[in-house]
Amino acid sequence: MTTVRKVDLVVPLAKQATAMRIADTAGLDTQGRSGAVSLLTDRDSRRGDVDSTINRSVRQVPPGIRTSTMETRTGTTPTTSAVLWPSAAQPSRHHADFSFEDLVQAYLDCRRTKRNSASALAFETNLERNLCRLNDELRNGTYQPGKSICFVITRPKPREVWAAEFRDRIVHHLLYNRISPRFYAGFIADSCACIPGRGTLYGAQRLEAKIRSITQNWSKPAHYLKLDLANFFVSIDKHVVRGLLAKRIDGWWMELAELVLFHDPRQDFELRGDPYLLRRVPPHKRLTSQPGHIGLPIGNLSSQFFANVLLDALDQHIKHDLRCRHYVRYVDDMVLLHESPMWLCAARSDIETWLPLHLGLRLNPVKTILQPVDRGVDFVGQVIKPWHRTTRRRTYNEALSRVKQVPANELFETANSYFGLLRQASHSHHDRALLGSVLMYRGHSINKAFTKTFRHSTSHGGNYGNQ
């Protein structure tokens, strides 16, 4: 008797949906199938495919500089530094209670903004086989995270970014889709970042509403305390995060969360870009300089979610123990409001003592600010002042500089991204008008509201300063 698996992956991938039935037998009929997806063929018949899920020891290396300062794999399955994932010889103690449809949805969520990336295209080349193999690995306990890509960004300051393999990011989305609602239900409404519907615009509007509430529409004085955590992501203690996760999840999902949490990307990674840029990152901000149980890689959905789980404990302490009514946090930047500056000083001392004891974190004294709110509150790239909210001057000046110098083939995307950023501020018409004048000088058309530009075939394309 042959096992028949019914999979419908063509609907989101092809214009004309076709139903498919896939039989796990040696002889598969390949006629009459949609070309949007590939068949579940054997390994030898597709040896030339770029498929990291089939053979990890032989892979096509994308352009870039491939170096590794840590131990790399030699064909064997790597192990994590802190948590053992059940192997085939040691089955998982818990049943993997997810459906194949959940895995497909995780794939669709993962590819939403990565459809044209090399890793996404390589995975989609043999989509059915890759998803089925990933599904089997998760269910029998043989799944292990793969190679990560490390690169350095220089704006606004140099920092490491770690990107997991595409198949690993699918697992991150699978885990996130299942367990995040349990945690989001307990998060306070003043917690922003990496939460659906709570981005930078939400954070700026939320803080503005808090300020207008405590000052009664700017008619009474008030003060704000702005705090920042020192070297946040590279200072996170994974054992503390695990304890917080265990309060709301268990079983197989807890095992998967531990595998993702304690995976050390430094054991097997590829460095892309100029190695000199890595030396520009200060040692105390490098993940490679931390112990194995300290630090989360910047760039993964799982890291952002785990960071929110960790800082929710701080949110609860500030709201319920300190009883701070007016408080907003965006990742590791937080603002407390109060009529009394003395109360804010006492709150800062309490938080400074509480953080190392409970979360293993500490405040950055350089970025601690205590001022009256009528001087302006700089938060999430916007400055909130009486009756108006504007874009931070550093961000605006960088927008003008980049639009003047960016190549012509990148001008359309760059300009519209800055228009979208500037329009979040309530009083940004003047800034958008000046940005539009630069674009018109370079041959682009601007709409009447100064909110977007259009492609222009006769764009000058040169350097603004040299014209």
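Q: Is the crossing of α1 and α4 left-handed or right-handed?

A: The model we are reading is a predicted one, and in it the crossing of α1 and α4 is right-handed.

Q: At what angle do helix α1 and helix α4 pack, and how far apart are their axes?

A: Two packed helices are described by the angle between their axes and by the distance between those axes. Here helix α1, residues 100–111, packs with helix α4, residues 166–184, at an angle of about 115 degrees, and the axes are 8 Å apart. Because angles from 65 to 115 degrees count as roughly perpendicular, α1 is roughly perpendicular to α4.

Q: Which residues make the contact of α1 with α4, and how many of them are nonpolar, polar and charged?

A: From α1 the contact is made by Asp102, Leu103, Ala106, Tyr107, Asp109, Cys110 and Arg111, while α4 contributes Phe166, Arg169, Ile170, His173, Leu174, Asn177 and Arg178. Sorted by class, this contact has seven nonpolar, two polar and five charged residues.

Q: At what angle do the axes of helix α11 and helix α12 cross?

A: The axes of α11 (residues 393–405) and α12 (residues 408–422) cross at roughly 165 degrees and come within 10 Å. An angle over 145 degrees counts as roughly antiparallel, and therefore α11 is roughly antiparallel to α12. As for handedness, α11 passes α12 in a left-handed crossing.

Q: Which residues of α11 and α12 make the contact?

A: On the α11 side they are Thr395, Tyr396, Glu398, Ala399, Arg402 and Val403, and on the α12 side Leu411, Ala415, Tyr418, Leu421 and Leu422. By class, the contact of α11 with α12 has eight nonpolar residues, one polar residue and two charged residues.

Q: Turning to the backbone, what is the phi of Ala193, and where is the place of Ala193?

A: Most residues other than glycine have a negative phi. Ala193, although it is not a glycine, has a positive phi of about 85 degrees. Ala193 sits in the loop between β5 (191–192) and α5 (200–214), and Ala193 is buried, with a relative accessible area of 2%.

Q: What is the phi of Val380?

A: Val380, a residue other than glycine, has a positive phi near 45 degrees. This residue lies in the loop between β11 (377–379) and β12 (382–385).

Q: Where is Leu361 found, and is Leu361 buried or exposed?

A: Leu361 is found in the loop between α10 (341–358) and β10 (369–372), and Leu361 is buried because its relative accessible area of 3% falls under the 20% cut-off.

Q: Which residues is Leu361 in contact with, leaving aside neighbours within four places in sequence?

A: Leu361 is in contact with Leu229, Phe232, Ser235, Ile236, Leu310, Leu311, Leu355 and Pro356. One of these, Leu229, is 132 residues from Leu361 in sequence, yet the two are 7.2 Å apart in space, C-alpha to C-alpha.

Q: For the protein as a whole, what percentage of contacts join residues at least 24 apart?

A: Among contacts between residues at least 6 apart in sequence, 70% join residues at least 24 apart. The protein has 13 helices and 15 strands, and buried residues make up 47% of its 467 residues.

Note on methods:
Residues are numbered from 1 along each chain as its sequence is written. This is a predicted model: local features need pLDDT of at least 70, side-chain atom pairs count only at pLDDT 80 or more; totals for chains, interfaces and linings use all residues. Side-chain values use heavy atoms; hydrogens and water are left out. Axes are lines fitted to C-alpha atoms, for helices over the stretch in contact, and angles run from 0 to 180 degrees between N-to-C directions. Helices (H or I, at least four residues) and strands (E, at least two) are DSSP runs, numbered from the N terminus. Angles under 35 degrees count as roughly parallel, over 145 as roughly antiparallel, 65 to 115 as roughly perpendicular and the rest as oblique. A crossing is left-handed if the near helix is turned anticlockwise from the far one by less than a right angle, and right-handed if clockwise. Contact means heavy atoms within 4.5 Å. Ala, Val, Leu, Ile, Met, Phe, Trp, Tyr, Cys and Pro count as nonpolar, Asp, Glu, Lys and Arg as charged, and the others, Gly among them, as polar. Buried means under 20% relative accessible area, exposed over 50%, partly exposed in between (1.4 Å probe, protein chains only).
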